[in-house]
Amino acid sequence: MKIDIKLLISASAISLLSLAGTASAQDCPRGDLDERFCDADGDLIADIPTDPSQLIDPETLIFAYTPVEDPAVYKTAWSDFLEHLEAETGKEVVFFPVQNNAAQIEAMRSGRLHIAGFNTGSNPLAVNCAGFRPFTIMASKDGNFGYEMEIITYPGSGIEKVEDIKGKQLAFTSPTSNSGFKAPSAILKSDFDLLPERDFEPVYSGKHDNSILGVANKDYLAASIANSVKSRMILRDVIKEDDVVTIYKSQTFPTTGFGTVYNLTPELQEKIRNAFFSFEWEGTTLEAEFSKSNEGQFLEMTYQEFWDVIRKIDAANGVSYACE
């Protein structure tokens, strides 16, 4: 059966928005969460509503992966997993390509997105503004996980060290990205006394893929990027390894967090959770793509623990989690 995705997500949005007033009226502990949500157990994510009238059980589930340059590549990559998700939940699952981080957060906030992978920097905003409940990240088969922020340039650019960026241009991805904006901003300020506008010209590419290609094609002098994306692009022959040069590499950060919107029924959330942890990677389209960045399993995690360093970076940058 062919599904009209626009009609589907519009109907879902109306369903969620009709519940917003009820949720916002609750008098409950919520920390940094939007007033629509409660956090009685103090785990920093929205509680599942206890009022059955506030729960949703859609016939079709919408899934989105963090914005990428070529959504078609990732629609294929996720195809085997989404078939498994359909089998585990008994629901039809639609892959919904999103164009940027803000659009992805708004899609979940307005009821158009049920299951998602939000990138590292977007996770806190998705949690606090959209009711996102992350519970897993990708990891290697031996349990290692994460990626590093790198500042890259191209050979012969005249930039050999971070200090050489002064007076020049640096490409960020988007303000909600950890490695594409928030981490480098904090590090450049604290470790190198470099501020955007004052010391260098900031530009925004929108996505890590765009930044990496921009540097490789010499459209950008330098860029801050997630090296996991760079690794996959090299292995897909999108760029060559010697097209770019790394001049800075950060500590390891958690990678994309996967989870559900808060108001799916508890039973459905549990089925979705089980689908992630019961998925067999070997020989699948997911393994074919993400083994390029040495990932081969879904690892259980908590937002409270794994995103602690990201919240500290946000605090250093004066980032607010207030919904706009």
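This is a predicted model: local features need pLDDT of at least 70, side-chain atom pairs count only at pLDDT 80 or more; totals for chains, interfaces and linings use all residues.
The largest cavity is lined by 30 residues, and those that lie nearest its centre are Thr66, Asn119, His208, Val229 and Thr256. Two or more residues of the lining come from each of helix 6 (178–192), helix 7 (208–216) and helix 8 (227–235), and helix 8 gives the largest share, three residues. In all, the structure holds two cavities of 30 Å³ or more. The table sets out the volume of the largest cavity and the classes of its lining residues.

| Property of the largest cavity | Value |
|---|---|
| Volume | about 330 Å³ |
| Nonpolar lining residues | ten residues |
| Polar lining residues | 16 residues |

Threonine 136 is found in strand 4 (residues 132–139) and is buried, with a relative accessible area of 0%. A polar atom of its side chain lies 2.9 Å from the backbone oxygen of leucine 299.

Helix 3 (residues 79–89) has as its buried residues Phe81, Leu82, His84, Leu85 and Thr89. These residues lie on the same side of helix 3, because they cover an arc of only 155 degrees around the axis, whereas Glu83 and Ala87, on the other side, are exposed. The buried residues of helix 3 pack against several elements, including strand 1 (60–64), helix 9 (266–278) and strand 11 (297–300). Just after helix 3, glycine 90 takes a positive phi of about 75 degrees.

How values were computed. Residues are numbered from 1 along each chain as its sequence is written. Side-chain values use heavy atoms; hydrogens and water are left out. Buried means under 20% relative accessible area, exposed over 50%, partly exposed in between (1.4 Å probe, protein chains only). Helices (H or I, at least four residues) and strands (E, at least two) are DSSP runs, numbered from the N terminus. The arc is that of the directions from the helix axis to the C-beta atoms. Contact means heavy atoms within 4.5 Å. A polar contact is a pair of N or O atoms within 3.5 Å; within protein, one must be able to donate a hydrogen and the other to accept it, and residues adjacent in sequence count only if both atoms are side-chain atoms. On a 1 Å grid over the protein atoms alone, a cavity is a set of points where a 1.4 Å probe fits but cannot get out, and a pocket is an open set with protein on both sides within 12 Å along at least five of seven lines; lining residues have an atom within 4 Å of a point. Grid points are joined across faces, edges and corners, and a volume is the space filled by probe spheres set on the points. Ala, Val, Leu, Ile, Met, Phe, Trp, Tyr, Cys and Pro count as nonpolar, Asp, Glu, Lys and Arg as charged, and the others, Gly among them, as polar.
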